[in-house]
Every structure is written in C-alpha cells, then in structure tokens.
Amino acid sequence: MVSSPYDWHARLAERAAERRTARLWRQRHCHAPEAALDFAGNDYLGLARDPRLAEAMAVGARRYGAGARASHLVSGHLAVHETLEARLAELVDRPRALLFSTGYMANLGTLQALCDRHTLLYQDRLNHASLLDGAALAGARSRRFHHRDRADLERLLARATQDMPRLVATDGVFSMDGDIADIAGLAETARRHGAWLMVDDAHGLGVLGEAGDGCVGRAHGVETVPVLIGTLGKALGTEGAFVAGSHELIEHLIQFARPYVYTTAQSPGLAAATLAALDILATEPERRQRLHTRIARFRHEAGRLGLPLRESDTPIQPLMLGDSARAMAWAKRLAEQGLAVGAIREPTVPSGQARLRITLSSAHSDDDLDALLDALSACQAKEGAVIRETAP
Ligand code: PMP
C-alpha cells in the first residue's frame, strides 16, 4: 500500500504562519552600501571597501585563479593560504593557525573534532549560534553557564563527578551585547578543573589588543587559551576564519574536522586580500585609535540623550528596546533617513530583549555620528519613551 504523500508545502506554510503571527518574520533587503550609512555591519576598521584589499584580491585571483579548485587536503591548499596561516598565527602569538571558509564552520569543525558524547562541554548562555550548533554536530551536550558568570561555571564544573574530558567555550566579545568575556577568570577556573578553554574572538580581533590581536591574542598565551578562533569577515574586512593553537591541535583538526576536510579551500583572492588587511592592521594603528575615540564619543552623547545603551566598550553598542515591534519600528525610521541599523529580535536574543545593534567603525566621521545621534533622538521623541532595562 502506498501511503499518502507528506504535504511539505502545507508544513512550510504552517511554520511561516507561526513566525509571522509571532511578528518574528525575517526579511532580507538588498543593500546598496553607498546608499546608506552603515551602522549594522561588522567592518569595524573600514577595510572591506579599502581599494588596497580589492587590488590584492584581483592580483591573487590572477595569479592563482578565482577559485582554489579543491579542498585543502586534495589540491586546493596554495602558497597564499600557507602564508596567511603563518601571519595569522604570528598575530595572535600561537604556534600555528588553520584557515576555515567561515567562522561558522571553524566553530562547527573545532567542536566536532574535539568533542563527542563523552565530552563535558560548558558554554556561556549568550555564545554565538555556531558554538551551540557545533556541540550538536559533535553529539556533545552543552551545559550553559550564566552570562559571564564564573561562579556559575565553577558550580557546574564542580558538580561533574565523571572523569571525562572538559571544554569551556565562550565568545570573546559577545556578538549581540558587545561585552567582553572574563578570559583570565574563565582560564583560571578551567585550569583548576582540568578543562581546556576555547575562545571565539570573532569581534575582538582587529579591534582589541595592542596590535589588534584581540582580547586573547598576545595577552593570554596558548597554555591559558589553547583553542582560539578568529574570523576574517569582521574587522579584517574579508571573509573566512581561523583556529589558532598548538601543532597538535591543528594537526588534529586537519585529521578530524569535517567542515575543514570536506569543503573547497578559500578562494586565493580572498586570502591575498586578508594578507593586505593584516599589513594595514600593522601599519595603521590609528584606525583602531579612531574607532575607540568614536565609541567613547557615541556613548557619551547617547548617555546625554538618555538612550538605554548596554555597557560596552567595543564597536557593538546595543540599544535596548525590549519589544520586537518597537525595535523594528526604530530600525525602519532610521532606514528612512538613510541609516542602516540592525534590529535584533528573538530567537537571536532572549524574548523581551529586542534591540538595535548599532555598530561603529573607524570609517565613520563625526558628521556620521551626529546623523545617527540626531536620528536616534528623533526616534525617541516619535516612538515614545523607551523602557529602562532590567539587568539581563
Ligand atoms: N562567531 C561569532 C561570535 C560571530 O558573531 C559570528 C558571525 N556573526 C561567527 C562566529 C560566524 O562567523 P562567519 O560570519 O565568518 O561565519
């Protein structure tokens, strides 16, 4: 007997209706970067549109081809990848680094290669989705500790009686909140419980640290943070990611990380562009300084306007609006004035914590900041007083 076919379209329509009813429908818009002032992206140093990167990309493509043609373990691993890995390892003061195509894949691959169902994996509650998904791919169960709460991590670690491998994973700079993990504290707790510490410094790299080496880099060595993730699609202005650590870690990932093994190597033009970005990072420290000046000025002025910003010293400045509809209304009003700002809602952030995720860049001018502050102030006047935030 043939069973009646499953009605896939009906199921999809049901899911879509649920999401629309919850007012959480996600929409893509076609952005014209030159048409709006961008306070939504992660191009913290203004490198994505730097002509030197575009030129390096073109030269790399002409020399090696537009694509790498194969995975790293087959024939896609090129000299430009090798050079880039060495430069990235040097930046964060680690013996070695391994390139991945995206940060999402770096987190998936690292957790899948290091963990299995016998691993005790501890994650900050606000960790990026890719760290949570990596745990699922590994078949490991994540125990989530309260955000930046070392005492809670301690409690969870102490509770585990089994003698199993332990890994603590955290974002370095939290992507939706902009605050920074207590790396020294987590490292000390992890060490006492025989756990490894993994830090995803996607948003710290290029922005923090005396050489733009991030919140871990040179400040916390490979013994303190054995597994370090950096991404290239944010402050470095290109795309891709890397894992940095010991020779043993990198060899292990080459052997076992499926999102590394079974995918085409990064395009050589991108690798060449990232090398150009690293040169600029080293030779133009004023970009970082300008960024931090912008952050301080924005916070000062927004504070005077009474805007409910969360505490953050990084380019990610969350303006807490609470309600999803309110966040959407503010973002729409800003867009009408030519300002692109991300409205972030659940499930990306917890329910009731919808926000504008304002991101600053060294490429913003004082006039750009003025335009943003004026528009936010007008939103506040038109959309009504914003809620005062309760502690997360
Ligand atoms: N980790 C964090 C903390 C992130 O914010 C992101 C991207 N939003 C990623 C990893 C994924 O990086 P990619 O965009 O390169 O996949």
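The model is predicted: local features need pLDDT of at least 70, side-chain atom pairs count only at pLDDT 80 or more, and totals for chains, interfaces and linings use all residues. Residues are numbered from 1 along each chain as its sequence is written.

**Exercise 1. How many helices and strands are there in the chain?**

Solution. Start with the count: the chain has 14 helices and twelve strands. These are DSSP runs (helices H or I, at least four residues; strands E, at least two), numbered from the N terminus. Next, take the overall size: the radius of gyration is 22 Å, close to the 21 Å from the globule rule for 392 residues, so the chain is as compact as a globular protein of that length. That radius is taken over C-alpha atoms, and the rule is 2.2 Å times the number of residues to the power 0.38.

**Exercise 2. At what angle do the axes of helix 5 and helix 6 cross?**

Solution. First find helix 5 (residues 103-114) and helix 6 (residues 129-138), whose axes come within 8 Å and cross at roughly 35°. Axes are lines fitted to C-alpha atoms, for helices over the stretch in contact, and angles run from 0 to 180 degrees between N-to-C directions. Then look at who meets whom: residues of helix 5 including Gly103, Tyr104 and Leu108 meet residues of helix 6, among them Ser130, Leu131 and Ala138. Contact requires C-beta atoms, placed from the backbone, within 7 Å. Finally, sort the contact residues: seven are nonpolar, six polar and one charged. Here Ala, Val, Leu, Ile, Met, Phe, Trp, Tyr, Cys and Pro count as nonpolar, Asp, Glu, Lys and Arg as charged, and the others, Gly among them, as polar.

**Exercise 3. In which order do the three strands of the open sheet lie?**

Solution. The order is 9-12-11, with antiparallel pairing; strands pair if DSSP finds at least two bridges between them. Now check the edges: strand 9 (316-322) and strand 11 (342-344) each pair on one side only. Three bridges join strand 11 to strand 12 (residues 354-359), and Ala343 stands opposite Leu356 in strand 12.

**Exercise 4. Which residues are closest to the ligand?**

Solution. Of the 14 residues that surround the ligand, the closest are Thr102, Gly103, Tyr104, Ser175 and Ala202. A residue is near if its C-beta atom, placed from the backbone, lies within 6 Å. Helix 5 gives the largest share of this shell, three residues. By type, the shell has three nonpolar, nine polar and two charged residues.

Technical notes:
Contact = placed C-beta atoms within 7 Å.
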